[in-house]
Amino acid sequence: MAVPRVTVGLVVGIVAVLLTTAVQLLQLDRGVVTILYVPSIMAAAYIGGRVPALVTTAIAIAVSMLLCDPVGRFTPLDAPDIERLAALLTVGAIASVTIDGMNRARLAAEGDTRPVGELLA
């Protein structure tokens, strides 16, 4: 039985976010550079479609919030943190919709006439 593309996209997105976070925590003095999560979102969108990319975006935002000062607690955020997370949300949403649309257009151009639900399975 084949694993649905949505599931694979979710797994890829979650693993990529975790690896990106681990690398950042080992390399950087403090905090997380949220732009580094964008490739994770794009990979999830390319492999699984819009929903896995949006879930990956939400996970990246949650991890970023958890790693804002003070580390380890969800506390009210400062203006720079809010701007950074809003930018990640915007880029993640745009990337997920755009890449999913490009994949659907490519499939349509190749003459794939299956229903949309089957395209993601």
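Predicted model: local features only at pLDDT ≥ 70, side-chain atom pairs only at ≥ 80, totals over all residues.
## Helices α1 and α3

Helix α1 covers residues 5–27 and helix α3 covers residues 50–66. The two pack with their axes 9 Å apart, at an angle of about 25°. Angles under 35 degrees count as roughly parallel, so α1 is roughly parallel to α3. Their crossing is right-handed.

On the α1 side, the contact is made by V6, G9, L10, G13, I14, V17 and T21. On the α3 side, P52, V55, T56, I59, A60 and V63 take part. Sorted by class, this contact of α1 with α3 has nine nonpolar and four polar residues, and no charged ones.

## Helices α3 and α4

Helix α4 spans residues 79–109. The axes of α3 and α4 are 9 Å apart, and the angle between these helices is about 165°. Because angles over 145 degrees count as roughly antiparallel, α3 is roughly antiparallel to α4. The crossing of α3 and α4 is right-handed.

From α3, the residues in contact are R50, A53, L54, T57, A60, I61, S64 and M65. From α4, they are L85, L88, L89, G92, A93, S96, V97, D100 and R104. The contact of α3 with α4 divides into 10 nonpolar, four polar and three charged residues.

## S96 in helix α4

S96 lies in α4 and is one of the residues through which α4 meets α3. S96 has 0% relative accessibility, so this residue counts as buried.

Leaving aside residues up to four places away in sequence, S96 touches A45, R50, A53 and L54. Among these, R50, A53 and L54 belong to the α3 side of the contact with α4.

## The largest nonpolar core

The largest nonpolar core has 13 residues. The members that touch the most other members are V17, Y37, A60, V63 and L88. Helices α2 (38–48), α3 and α4 each supply at least two residues of this core. The greatest contribution comes from α3, with four residues.

A60 links several of the features described above. In α3, A60 takes part in the contact with α1 and also in the contact with α4. Residues up to four places away in sequence aside, A60 touches V17, Y37 and L88. V17 is one of the α1 residues in the contact with α3, while L88 is one of the α4 residues in the contact with α3.

How values were computed:
Residues numbered from 1 in each chain as written. Heavy atoms only, no water. Axes fitted to C-alpha atoms, helices over the stretch in contact; angles between N-to-C directions. Parallel < 35°, antiparallel > 145°, perpendicular 65-115°, else oblique. Left-handed = near helix turned anticlockwise from the far one by under 90°. Contact = heavy atoms within 4.5 Å. Nonpolar A, V, L, I, M, F, W, Y, C, P; charged D, E, K, R; others polar. Buried < 20%, exposed > 50% of the residue type's maximum accessible area, 1.4 Å probe, protein only. Core = buried A, V, L, I, M, F, W, Y, C linked by side-chain atoms within 4.5 Å.
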